Amino acid sequence: MKIKTFYKLNTLVKYADKIAADYDTISFDLFDTLLIRRVHFPDMLKAPVGRFIAAKAKAYGLFWKPEKVHQLRDEIEAAQRAKTGERFEDHEACYPDFMRDVLSHVFEDQISDELLQEVTDYELAIENAMLVPRTELVAWLQKQHQQGKTVLVISDMYLPSEHLKRLIEHAGFADAVTHVVSSADTFKAKASGAAFPMLKEKFGLEPQRWLHIGDNPISDGARPNEFGIRSLIIKDASEKTRKLVFRIYYGFALGSDFWKGRMFQQMMLPLENENQPRPSLYNEGYHFFAPLVGSYVQAIAERTRDLGIKKIFFMSREGWTFKKFWELAMPTVFPDDLPQIEYLYVSRMALAGPGCAYQGLTQTNADIVFLAPGNRDFRDVCKVFNLNLQLLAPFLDRHQLKYDDPLSPFYSDEFIKYYARFIDILEDAEFQTEVKRQTRPSNDALQLYLEQIGFFDYTDVALADVGWMGTIQRFLYDAVKHRDDKPRFHGFLMGASRGIPFATRPGNYVEGLLFDYDRCDFAGSLMMYAQDIFEEAFRAPHSGLNGYQQTDSGFELLFRDSDDDTGRKELKQNEYFASLKQGIFDAAPRFGAASAVMGYKSWMLKPWLNYLLFTKLAFPKTDEVATLKHQSHLDDFHGKNKPWTQAFKPEKQLWNQSLSALRWNPFLRLNYYIGHAFKMLRR
Amino acid sequence: MKKANTISYRTMNAHFDLTGSEVTRVGKYYLISRIAKIGNYGGGPGLKYLIIVFITHYLGRPLGWMLIFFEDRIRMLLRKKRAKG
C-alpha cells in the first residue's frame with residue numbers, strides 16, 4: 001500500500017474524509033499532528049522545569065543551578081533509554097521513573113510523592129501553555145468519534161498516557177478519544193512498529209479497517225504500513241514555515257538584545273483557532289500594551305522577591321489591569337513563591353483629604369493642586385482636599401485672601417501676591433487645626449478600610465500604579481505615617497515622571513520600572529508622549545473613588561456618580577477600549593508561558609520595549625493615533641477653569657496634532673522626536 | 001471610532017508577523033535610527049539580521065515548501081557530511 005503524503009492539512013482532511021467509510025479505527029499521532037507547539041524545539045520546555053526544581057531545592061537549602069538540573073535530567077533520561085534498549089527494540093523513557101531519579105539526586109533523601117507530583121504538574125502546565133490543537137484535524141477527529149469509530153491517540157513520548165490525557169483534556173477533545181497510548185507505558189513504540197501489534201491485540205483491532213495519521217514518515221508511515229494499516233502523512237509546509245520564522249528569531253535572540261523581545265512576541269502569537277480576526281484595538285492591546293504590562297508586572301515580581309516583600313497592592317484604577325495580568329501570567333513564571341496581591345481602592349481625590357488629618361495641609365501638597373492648569377484658586381484647594389470653604393472663610397478674611405483670588409501662575413500676573421497670603425494661611429496654626437478637624441473623619445474611615453484588608457499586617461508592602469509622580473502614594477503615606485505599625489512603602493510605578501520631587505525616605509519611595517526620570521533613559525521617556533492613553537487603556541471599569549466615609553457599621557467607599565455627563569463619557573471611553581483590554585488579557589497567559597520558557601528577566605526585554613515605544617508613540621501611523629487617541633480623558637483632580645492664554649501655553653504634543661497634519665507632514669514626527677530629545681537633555 | 005472596533009485583522013498575519021508591528025516597521029525604525037538614535041535599543045536590529053528576517057517572513061513560504069520537499073535529501077546529505085567528519 002502506498003503511503004500518501006499531504007503538504008496541506010485541509011487536503012489531508014478532505015482525503016481522509018473521503019476514505020473514512022472504509023475504516024472502523026482511526027489513530028492519530030499527537031505531537032506535530034493533533035497538537036502543535038509554539039516553539040520549534042520541544043526540549044526548550046525542559047529549561048523552565050529545571051528552574052522550577054532548582055528553586056524548590058533552594059527552599060530545601062540545596063544549591064543547584066537550573067542548567068545543572070537540566071543536564072542531570074538529560075543524563076538520567078539517556079541512561080534510562082539505553083537501559084530500555086537492552087530489553088526492548090525501542091529506546092524509550094518513562095517520565096515518572098527518570099524524574100523520580102532526578103529528584104532523588106537533587107533532593108538527596110528528601111524526595112516525596114508530593115514533590116514529584118508538583119514537578120509533574122508544572123511540566124504539564126508548561127506543555128499545556130505551549131501546545132495548541134490543530135482546529136481542522138481535531139474537528140475531523142471529533143466527527144469520526146460521533147460516527148462511532150474507535151479513535152486512538154498514539155505517541156512515542158516519555159510522558160505516560162495518564163499525562164497525555166491531561167494534555168488532550170486541556171486541548172479540549174478528550175471526550176472524543178477512545179484510548180490514549182504512550183510508548184512510555186509499555187516501551188513499545190511506533191518507531192520500531194512494535195506498538196501496532198500490541199494495540200491490535202489489546203483492543204482487538206483489525207489492521208485492514210485501521211487508518212493512521214501522523215507526521216513522521218517512518219513511525220507514522222512505513223511502520224503501520226508494514227503491519228497492513230493504511231497511513232496518511234502530513235508534512236505541513238505552512239507549519240514548517242512558521243517554525244522556521246520562530247527559529248530565525250530564536251537564533252538572533254541568542255546573539256542580539258534587540259531581537260530578544262521580538263522573539264518573545266513571536267512565541268506569544270496566537271495560533272490556529274486562537275488567531276481569529278479581531279478589531280485593530282485588540283491587536284494594539286496584544287502587540288503593544290501587553291508586552292509593556294507584562295514586563296512591568298514581572299519587574300514588580302522580581303523586585304518584591306528580591307526585597308522579600310510579601311504583599312503587593314495594585315492601586316485603583318489602573319492597578320485593576322495590572323492585577324488581572326499578574327493573575328494570568330505570573331504564577332507560570334514564578335510557580336514557587338509569589339507575594340500575595342490585593343486591589344486597593346484609592347485615588348488622589350479620595351486620599352488628599354485623609355492625608356491632612358494629622359499633618360495638616362502642607363505647602364508641597366497644596367502645590368500639587370496648582371500643577372493642574374484647570375485649578376485656579378482656594379476653591380480648588382478645598383475641592384481637592386475635601387474642605388468646607390465656609391468654615392475656612394474666617395482664616396481667608398484674617399489673611400486678606402478672597403476665595404476667588406488666583407493662586408495659580410496660569411491665571412494672573414499678580415498671583416504671587418495672593419500666593420504669599422495663601423502661605424500665611426498655611427502657617428496659621430488655627431487654620432491647620434481646622435483642616436485636621438475637617439479631614440479626620442475621612443482619615444478614620446480610611447484606617448478602618450486599610451485595617452480590614454490587612455494593610456498593617458506587613459512590615460513591607462509594594463504599591464503598584466501606572467505613574468507618574470507618585471501622588472497617590474504620597475497622600476496615602478501622609479494619611480498613615482503617624483501609626484507605629486505602618487509598613488514600609490515600596491512604590492513601583494510603570495513610569496515615573498517626577499513632576500514634583502518625591503519625599504524619598506527609607507520607609508517610602510517610588511521607583512519607575514519601565515521609565516524613571518531619575519535614571520537617564522531617553523528611550524523610556526517616550527512613554528511621556530501619550531500618558532493619558534496608558535491611563536485610559538489600563539483603567540478599571542468601575543467609577544473613580546471620591547472618598548471614605550464612616551458609617552454605623554464601620555466605613556464605606558464613596559464612588560463617583562456615573563450618571564452625569566462626565567460619568568457617561570467615561571463609560572463610553574471604557575466601552576471603546578474594551579477590545580484593547582481584551583487583547584491585553586488574552587496575551588497575558590502567553591506572556592507568562594513565554595517568560596517561563598525563556599527565563600528572561602524583565603530588563604532583557606527593555607531594548608524591544610523601547611523600540612515599541614519609539615515606533616508606536618514617537619513614530620505612530622496616523623491610523624494608530626486615530627485609533628488609540630482617547631475620545632475623552634477625565635480627571636476630577638484637574639479642575640475646570642480655563643487658564644489665561646498668555647500665561648499658559650499648553651505644550652504641543654505629537655498626539656494632539658490633527659490627523660491631516662500627521663498624514664501629510666513628513667517631518668512632523670522627526671521634529672517632535674528631536675524636540676523631545678532636547679527637552680529631556682535640558683531637564 | 002467605529003472603525004477601530006469594527007475592522008478586523010488577524011493578530012498574526014499571513015506572513016507569521018505581528019499585525020500592526022510588521023518587520024517592515026523595524027526597517028523604518030532602522031532608517032530613522034541612522035539619523036537620530038538615542039537610548040537603549042540593545043544595539044538595534046542590524047541590517048543583516050533585518051534582511052534575513054524580512055526574507056523569512058515574506059519569502060518563507062516557498063522556502064518552507066522547498067524544505068519539506070527536499071527534507072529527506074537534505075537529511076541524507078547532512079548525514080553523509082557528518083559521517084565524513
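Trainee: I'm looking at Phe16(B): buried or exposed?
Mentor: Phe16(B) counts as buried, because its relative accessibility is 6%. The word has cut-offs: buried is under 20% relative accessible area, exposed is over 50%, and partly exposed lies in between, using a 1.4 Å probe and protein chains only.

Trainee: Good to know. What should I keep in mind about the model itself?
Mentor: This is a predicted model, where local features need pLDDT of at least 70 and side-chain atom pairs count only at pLDDT 80 or more, while totals for chains, interfaces and linings use all residues. Residues are numbered from 1 along each chain as its sequence is written, chains are lettered from A and ligands numbered from 1 in the order in which they are written, and side-chain values use heavy atoms, leaving out hydrogens and water.

Trainee: Back to Phe16(B), then. Where is Phe16(B) found?
Mentor: In the loop between β1 (8-10) and α2 (23-35) of chain B. Its phi is positive, about 60°, although Phe16(B) is not a glycine. The element names come from DSSP runs numbered from the N terminus: helices are H or I with at least four residues, strands are E with at least two.

Trainee: Which residue of chain A has a positive phi although it is not a glycine?
Mentor: Arg498(A) is one, with a phi of about 55°. Arg498(A) sits in the loop between β13 (488-496) and β14 (508-516) of chain A, and counts as buried at 12% relative accessibility.

Trainee: Which residues does a cis peptide bond join?
Mentor: Ser316(A) and Arg317(A), with omega at about 0°. Arg317(A) belongs to the loop between β10 (311-315) and α14 (319-333) of chain A. The bond from Gly467(A) to Trp468(A) is also cis, with omega near -5°, and Trp468(A) is in the loop between β12 (460-465) and α21 (471-480) of chain A.

Trainee: Let's switch to the sheet. In what order do the 6 strands come?
Mentor: The order is β1-β8-β7-β2-β5-β6 in chain A, forming an open sheet with parallel pairing. Two strands are said to pair if DSSP finds at least two bridges between them. At the edges stand β1 (4-6) and β6 (179-182) of chain A, each with a single partner strand, so one side of each has no neighbour in the sheet. From one strand to the next, the twist averages 20°.

Trainee: What does helix α1 of chain A touch?
Mentor: Helix α1 (residues 9-19) packs on the sheet, touching β1, β7 (210-214) and β8 (230-234) of chain A, and its direction makes about 165° with that of β8(A). Contact means heavy atoms within 4.5 Å. For the angles, axes are lines fitted to C-alpha atoms, for helices over the stretch in contact, and the angle between N-to-C directions runs from 0 to 180 degrees.

Trainee: How many residues of β8(A) are buried?
Mentor: 5 of the 5, so β8(A) is largely enclosed by the rest of the structure. Arg230(A), Leu232(A) and Ile234(A) point one way, while Ser231(A) and Ile233(A) point the other way. In a regular strand, side chains alternate between the two faces of the sheet. As for its partners, β8(A) pairs with β1(A) over 3 bridges and is joined to β7(A) by 4 bridges.

Trainee: And the two chains, how many residues are in contact?
Mentor: 44 residues of chain B are in contact with 59 residues of chain A. The chains bury about 4,900 Å² between them, 66% of it on carbon and sulfur atoms; that buried area is the accessible area (1.4 Å probe) two parts lose on being put together, summed over both.

Trainee: How many salt bridges are there between chain B and chain A?
Mentor: The count is 2. A salt bridge is a side-chain nitrogen of Lys or Arg within 4 Å of a carboxyl oxygen of Asp or Glu. Arg25(B) and Glu624(A) meet in a salt bridge at 2.5 Å, N to O. Arg25(B) lies in helix α2 of chain B and Glu624(A) in helix α26 (residues 622-628) of chain A, so the pair joins two chains. Both Arg25(B) and Glu624(A) are buried.
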